[in-house]
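Here is a short note for a colleague who is meeting this model for the first time. Please read the points with the structure open.

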Amino acid sequence: MMENAVKRIGVLTSGGDAPGMNAAIRGVVRACLYRGIECVGIRRGYNGLISGDILRMDANSVSHIINRGGTILYSARSPRFKTEEGMQDAIKACKDRGIEGLVVIGGDGSFRGARDLSLRGIPCVAIPGTIDNDIGCCDYTIGYDTAMNTIMQMVDRIRDTAESHDRCAVVEVMGRGAGYLALSAGIACGATSILIPEVPYDFERDVIERMKRTQKSNKVHFVILVSEAIGGVEDMAKRIQSETGVEARATILGHVQRGGSPTAKDRIVASQMGYHAVQLLKEGIGNRVVAMQKEKILDFDIFEALTMKNSVDLDMYKMNLDISI
Ligand code: ADP
Ligand code: F6P
């Protein structure tokens, strides 16, 4: 077996948490131990690096976490890390604690931090962990499948009561600036209209008229899914009620979408990505983002990854227009 390029690897979770982060931590820790590399966990993202909140990880420290939501290492947003002073403290902590490589699990903000650390001599590998699925180089980010299924289950419940009362449910879902969650969950829930930031909309044409057309075929309850990037669900519900005569209620799903036990897909992808990240650092390769494309795990230069773009599948959007009326 090739000699390890690093003796000790650190792992942290940063930014918004996502179901499956624990499975990724487990993958990193167990892959390190398998390869004879020491592993330390850094708590509360880059804040823990700055303050030295670092603990030794062994096989047992990640037992029975593959099924748990949240992150056992906790997560944080760290404004201090973005300052040169904070960055220097983080580098010093790595040097003092013998951390020769770092696995950063988070979104693109966290990737920028990993890039900056790599540039200053601490090799980092980033793993995409966010429910938003909004990382340009990846078809898939850890947490997305769980969040999508949570939304589906929640909207199914909302639909039960909307149906009992002949109402229209207007539901706002997360996704930050991206419409992946709204689009996929909207299709899975049979939403009459889905409003996402990637597709310009006309409320009259895309919501009111679609509802009126459907009313002619005796449909009396409706689900409208709205991305948080569009928002305004309370006003939308009022307008629907006054223009269609259908009583309407707005719901903002909120942080329920970020919690819960990860689905099989999230546990599997997270395990694969954690394992892959350690393989890179073991070989002395840093400044990489682990990604999934066409079901394969690969990696990209962080600089390159941060410039890559992907977007929602507009054919899926069009399909929903055709079949949800
Ligand atoms: P996410 O990783 O989910 O996108 P944030 O954008 O909040 O979440 O980023 C998480 C943390 O990553 C920030 O609190 C900060 O410490 C670090 N970070 C974000 N952007 C940068 C940047 N441009 N340069 C260095 N570090 C950054
Ligand atoms: O990035 C994940 C996410 O849940 C977004 O969908 C949402 O816009 C944001 O984080 C919410 O952040 P906070 O946890 O700070 O409310």
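1. Start with the domains, whose bounds come from an automatic or database domain assignment. The chain is assigned domain 1 (8-143 + 262-305) and domain 2 (145-258). Their centres, taken over C-alpha atoms, are 35 Å apart. Contact here means heavy atoms within 4.5 Å. By that rule, 14 residues of domain 1 touch 12 residues of domain 2.

2. A word on the basis. This is a predicted model, in which local features need pLDDT of at least 70, side-chain atom pairs count only at pLDDT 80 or more, and totals for chains, interfaces and linings use all residues. Residues are numbered from 1 along each chain as its sequence is written, chains are lettered from A and ligands numbered from 1 in the order in which they are written, and side-chain values use heavy atoms, with hydrogens and water left out.

3. Which residues lie around ligand 2? They are Arg-77, Thr-130, Ile-131, Asp-132, Met-174, Gly-175, Arg-176, Glu-228, His-255 and Arg-258. A residue is near a molecule if one of its heavy atoms lies within 4 Å of it. Domain 1 and domain 2 each supply at least three residues to this shell. By class, the shell has 2 nonpolar, 3 polar and 5 charged residues. Ala, Val, Leu, Ile, Met, Phe, Trp, Tyr, Cys and Pro count as nonpolar, Asp, Glu, Lys and Arg as charged, and the others, Gly among them, as polar.

4. The side chain of Glu-228 places an N or O atom 2.5 Å from a ligand 2 oxygen. For Arg-258, a polar side-chain atom is 2.7 Å from an oxygen atom of ligand 2. For His-255, the corresponding distance is 2.9 Å. Ligand 2 alone exposes 400 Å², and the protein buries 75% of that. Accessible areas come from the Shrake-Rupley method with a 1.4 Å probe.

5. Ligand 1 has 15 residues around it, and Arg-77, Ser-78, Gly-107, Gly-109 and Ser-110 come nearest. Arg-77 is also in the list for ligand 2. A polar side-chain atom of Arg-77 is 2.9 Å from an oxygen of ligand 1. Ser-78 uses a polar backbone atom, 2.5 Å from a ligand 1 oxygen. Gly-109 also uses its backbone, with an N or O atom at 3.0 Å from an oxygen of ligand 1. Taken alone, ligand 1 exposes 550 Å², of which the protein buries 83%.

How values were computed: A polar contact is a pair of N or O atoms within 3.5 Å; within protein, one must be able to donate a hydrogen and the other to accept it, and residues adjacent in sequence count only if both atoms are side-chain atoms.
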